[in-house]
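Here is my notebook from a first look through this structure.

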Amino acid sequence: MTLNQWRIKKGYSYRLLAKMVGASHASVVRRWCLGMDDEDFMIPKPKYMLQILELTAGEVQPNDFYIKREF
């Protein structure tokens, strides 16, 4: 599940999610929630990745921020 899917499911704003994971600003979280093909997409730093993993109870995994390819 992507972070944005999880955020929408919970009804959280970017601002609230930023506060919950300790990010400096809502725009940072918004960039994490963009599609991987968007030029502004950003992968969270490891310290935030751990916060996301804990907050989402494992529903959003680090590999969800990377492109999944079928082989």
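I looked up W32 and found it buried, because its relative accessibility is 3%; buried means under 20% relative accessible area, exposed over 50%, and partly exposed in between (1.4 Å probe, protein chains only). Before going on, I noted that this is a predicted model, where local features need pLDDT of at least 70, side-chain atom pairs count only at pLDDT 80 or more, and totals for chains, interfaces and linings use all residues. I also noted that residues are numbered from 1 along each chain as its sequence is written, and that side-chain values use heavy atoms, with hydrogens and water left out.

**Aromatic pairs**

How many aromatic pairs does a search of the whole structure find? I got two, with rings of Phe, Tyr and Trp (its six-membered ring) pairing if their centres lie within 6.5 Å; planes under 30 degrees apart count as stacked, over 60 as edge-to-face and the rest as tilted. W6 and Y12 make an edge-to-face pair, because their planes stand at 70 degrees, with the ring centres 5.5 Å apart. W6 is buried at 2% relative accessibility, while Y12 is partly exposed at 22%. W32 pairs with Y48 in a tilted arrangement, 5.4 Å centre to centre and 45 degrees between the planes. This pair links distant parts of the chain, as W32 sits in helix α3 and Y48 in helix α4, 16 residues apart. Helices here are DSSP runs (H or I, at least four residues), numbered from the N terminus. Y48 also counts as buried, at 15% relative accessibility.

**Helix α4**

Just after α4, A57 takes a positive phi of about 55 degrees.

**D64**

My last stop was D64, in the segment after α4. D64 is buried, because its relative accessible area is 10%. Not counting residues up to four places away in sequence, D64 touches M1, M36 and E59. A polar atom of the D64 side chain lies 2.7 Å from the backbone nitrogen of Q61.

Terms used. Helix = DSSP H or I, 4+ residues; strand = E, 2+ residues; numbered from the N terminus. Polar contact = N/O pair within 3.5 Å; in protein donor to acceptor, adjacent residues only side chain to side chain. Contact = heavy atoms within 4.5 Å.
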